[in-house]
Amino acid sequence: MDIKRTVLLVIFSMSLLMLWDNWNLYNGGPSMFAPEQSPAAASTTTSVKTEASVPQASAPATAAASHSDVPDAATVTQGERITITTDLLKADISTAGGELVRVELLRHKDGADQSKNVVLLESGMGRTYVGQSGLIGGNFPNHRSIFTAREGSRTLDAAGSPQLVLDAEQEGVKLTKIYTFKRGEYEIGLAHQVSNASGSAVSPSVYTQLVRDASKLEGDSRFYSTFTGPALYTDAEKFRKISFEDIDKGKNPAAVQSPDGWIAMVQHYFVSAFQPLDKGQHELFTRKIGNDLYAVGTISQMNSIAPGASATVEGKLYVGPQESDNLEKFAPDFDLVKDYGWLTIIAKPIFWLMTQIQKVLHNWGWTIIVLTILIKLAFFPLSAASYRSMAKMKLVTPKMTAIRERYKGDPQQMNAAMMELYKTEKINPLGGCLPILVQIPVFIALYWVLLASVEMRHAPWLGWIQDLAAPDPWYILPVVMAVSMFVQTKLNPTPPDPIQAKVMLFMPIVFSVMFFFFPAGLVLYWVVNNLLSIAQQWVITKQSTQGKA
């Protein structure tokens with residue numbers, strides 16, 4: 001049995017499959033390897049379908065409020081938009097509902113138009129992505145109520161962090177929302193203070209939810225698929241992603257009760273999230289609330305509030321990029337929103353090593369090159385064994401061809417003669433394949449690191465490469481990669497089987513076409529890896545040839 005032929009055919013088949021999948025994605029079709037996202041709504045209205053209903057009537061005091069009590073519809077009335085500006089964020093909060101309706105990230109450029117900043121949260125322009133909160137458990141203020149804004153600073157100043165305080169009152173129950181912004185942080189404090197002047201005890205619950213349609217940001221590549229959708233985390237059940245498609249089909253998990261945890265809305269490079277800070281019981285939920293509209297949120301139960309008393313529920317929001325340092329500071333395991341796929345255990349150490357190199361070099365392109373060299377050194381013994389095996393195979397190729405010709409009508413005798421030849425020449429037929437297979441998980445993990453890391457977004461290398469997260473605009477790196485793969489093919493022993501030989505010749509073409517649409521940082525890694533492999537293979541092959549002579 002010719003193991004190398006089987007391995008090569010599998011690799012070639014997988015390459016063709018990946019090429020077809022990427023072409024399908026590029027033309028707007030679904031990926032075979034990722035869940036299909038629900039299409040964005042065709043509507044161009046600036047608000048969600050609205051209902052006149054108010055939150056459901058209060059449940060008995062002994063019963064916990066449920067996410068089914070949270071109003072489905074967004075705010076009807078157009079309130080005043082109040083803008084808070086920090087060094088990182090420009091946030092718009094509407095007095096209609098006290099909603100967080102727009103967040104612009106001042107240090108991240110839009111993928112489609114780099115003269116603009118990324119707008120992550122937005123209500124209007126055909127998009128809905130907002131943060132809502134309020135009270136349930138009675139006829140209390142919620143995200144449909146009209147709030148009044150107190151006077152205060154709207155920008156960073158020497159006095160400290162800007163704070164927006166909003167008040168709304170309904171039937172003697174007053175809800176005060178307090179948004180607190182900080183210098184140098186994407187974290188936003190969000191407190192809900194409830195004051196009871198109704199004359200009888202009340203037992204409200206505070207809900208906070210992120211509401212989003214299924215659209216992706218403009219400028220994201222259609223040639224690879226990344227996750228967009230809600231995520232939940234609790235200490236008991238850990239991190240879970242829920243696709244919009246599963247929510248459409250009613251396959252989203254049931255609401256979970258937990259004393260801890262956080263909820264998030266994830267997309268490529270960016271994330272919004274909420275974490276309740278109180279130690280009480282919280283309900284974490286996902287649900288569909290309208291046509292192409294989804295929510296992920298929390299409900300925090302409050303103790304009974306006597307007449308004349310007040311109580312506060314503390315929490316915090318994160319609205320920003322998936323930068324590892326910021327994610328780790330926000331909440332336990334919040335860095336899991338940075339999707340490294342199923343090889344996270346390998347990908348996280350690789351990214352940590354990259355950050356250490358980048359701190360010295362201050363350039364992500366050179367960091368990728370140095371990382372490639374380090375990985376190549378780490379796998380040097382395995383690679384050397386593989387190349388020595390291939391060099392021996394190249395030397396005995398004429399003998400292998402003769403055996404094939406002699407026993408071409410008798411496969412069993414051919415295999416027996418091949419095994420005898422391998423034994424005589426001390427060649428391991430798997431020697432050239434196994435070392436490569438061992439390295440594949442590292443290559444896949446590095447692929448996801450380069451694809452998922454917002455740090456690479458709009459990061460320049462040199463000359464024509466000004467964005468390592470985007471394809472090479474002049475296609476120079478993919479062409480160099482194709483040439484390097486062709487040279488590697490020529491250094492390998494020529495397969496005696498004509499079909500196998502053609503497969504080897506076509507592989508550089510297949511890979512180069514595929515990599516024309518991949519991020520330049522990933523192609524740079526492969527180019528450097530190929531060049532190092534060529535040098536190593538040439539030296540080992542020459543040494544083996546001289547030794548044989």
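Are Arg 127 and Glu 122 buried or exposed?

Analyst: Both Arg 127 and Glu 122 are buried, where buried stands for under 20% relative accessible area, exposed for over 50% and partly exposed for what lies in between (1.4 Å probe, protein chains only). The model is predicted, so local features need pLDDT of at least 70 and side-chain atom pairs count only at pLDDT 80 or more, while totals for chains, interfaces and linings use all residues. Residues are numbered from 1 along each chain as its sequence is written, and side-chain values use heavy atoms, with hydrogens and water left out.

Arg 127 and Glu 122 form a salt bridge, with 3.2 Å between the closest N and O atoms; the term requires a side-chain nitrogen of Lys or Arg within 4 Å of a carboxyl oxygen of Asp or Glu. The structure holds 15 salt bridges.

In another of them, Asp 167 and Arg 150 bring their closest N and O atoms to 2.7 Å. Asp 167 belongs to strand 7 (residues 163-170) and Arg 150 to the loop between strand 6 (148-149) and strand 7, so the pair ties together parts that are 17 residues apart in sequence. Strands (E, at least two residues) and helices (H or I, at least four) are DSSP runs numbered from the N terminus. Asp 167 is buried at 13% relative accessible area, whereas Arg 150 is partly exposed at 39%.

Asp 92 is buried, at 9% relative accessibility, and Arg 81 is partly exposed, at 39%.

Now the cavities. The whole structure has three cavities of 30 Å³ or more; a cavity is a set of points, on a 1 Å grid over the protein atoms alone, where a 1.4 Å probe fits but cannot get out, and lining residues have an atom within 4 Å of a point. The largest cavity has a volume of about 130 Å³, volume being the space filled by probe spheres set on the points. Of its 15 lining residues, Thr 226, Phe 227, His 268, Val 337 and Asp 339 are the closest to the centre. Strand 12 (238-241), strand 14 (262-267) and helix 9 (434-452) each give two or more residues to this lining, and helix 9 gives the most, with three.

Notes:
1 Å grid on protein atoms, 1.4 Å probe; cavity = no way out; pocket = protein on both sides within 12 Å on 5 of 7 lines; lining within 4 Å.
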